[in-house]
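Welcome to a short tour, taken one selection at a time. Please open your viewer and get ready to click along.

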Amino acid sequence: MYTSTSIEIVAVDAANRDAVLQLSVGPAQRSHIGAIADLLADAEHCGNGDTLVFRHGAELIGYCRLDTHARSVAGRDFAMPARGLRGFFID
């Protein structure tokens, strides 16, 4: 029998911040992603996007940041409105 639990995407906030800080990636990915504390600090400093966490049931399983402007990720503007995806990972 197959049982599915949906994955939700919710904002990082004061209620889940401590749990978000427990997320991490393996050593081989750390140079690409960095530490979650640094990702959150950068997001708070820049203030130009949304910090999001992936939740499977009650468990937090991942993180990403959507920047208001794709330029911050791609280094260039686009003809159509676009957002930049940064720091995406699944724990």
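Helices (H or I, at least four residues) and strands (E, at least two) are DSSP runs, numbered from the N terminus. Phe88 sits in strand β4, which covers residues 84–90. Before going further, note that this is a predicted model, where local features need pLDDT of at least 70, side-chain atom pairs count only at pLDDT 80 or more, and totals for chains, interfaces and linings use all residues. Residues are numbered from 1 along each chain as its sequence is written, and side-chain values use heavy atoms, with hydrogens and water left out.

**Stop 1: colour by confidence.** pLDDT is the predictor's confidence in each residue, from 0 to 100. The chain averages 87, and 96% of the residues score at least 70. Look for the lowest confidence in helix α4 (residues 71–74), with a mean of 76, and the highest in helix α1 (residues 17–20), at 95.

**Stop 2: select Arg65.** With 5% relative accessibility, Arg65 counts as buried (buried means under 20% relative accessible area, exposed over 50%, partly exposed in between; 1.4 Å probe, protein chains only). Which side chains meet Arg65 in a salt bridge? One is Asp42, at 2.6 Å from N to O (a salt bridge is a side-chain nitrogen of Lys or Arg within 4 Å of a carboxyl oxygen of Asp or Glu). Arg65 lies in strand β3 and Asp42 in helix α3, so this pair ties together parts that are 23 residues apart in sequence. Another is Asp67, at 2.8 Å, and Asp67 is buried too. Shared partners join Asp42, Arg65, Asp67 and Arg86 into one network of salt bridges.

**Stop 3: select Arg17 and Glu44.** Here is another salt bridge, with the closest N and O atoms 2.7 Å apart. Because Arg17 lies in helix α1 and Glu44 in helix α3, the pair ties together parts 27 residues apart in sequence. Arg17 is partly exposed at 27% relative accessibility, whereas Glu44 is exposed at 52%. The structure holds seven salt bridges.

**Stop 4: select the core.** The largest nonpolar core has 14 residues, and Val20, Leu23, Ile36, Val53, Tyr63 and Phe89 have the most contacts inside it (a nonpolar core is a set of buried Ala, Val, Leu, Ile, Met, Phe, Trp, Tyr and Cys residues joined through side-chain atoms within 4.5 Å). Helix α3 gives the most, with four residues.

**Last stop: back to Phe88.** At 42% relative accessibility, Phe88 counts as partly exposed.
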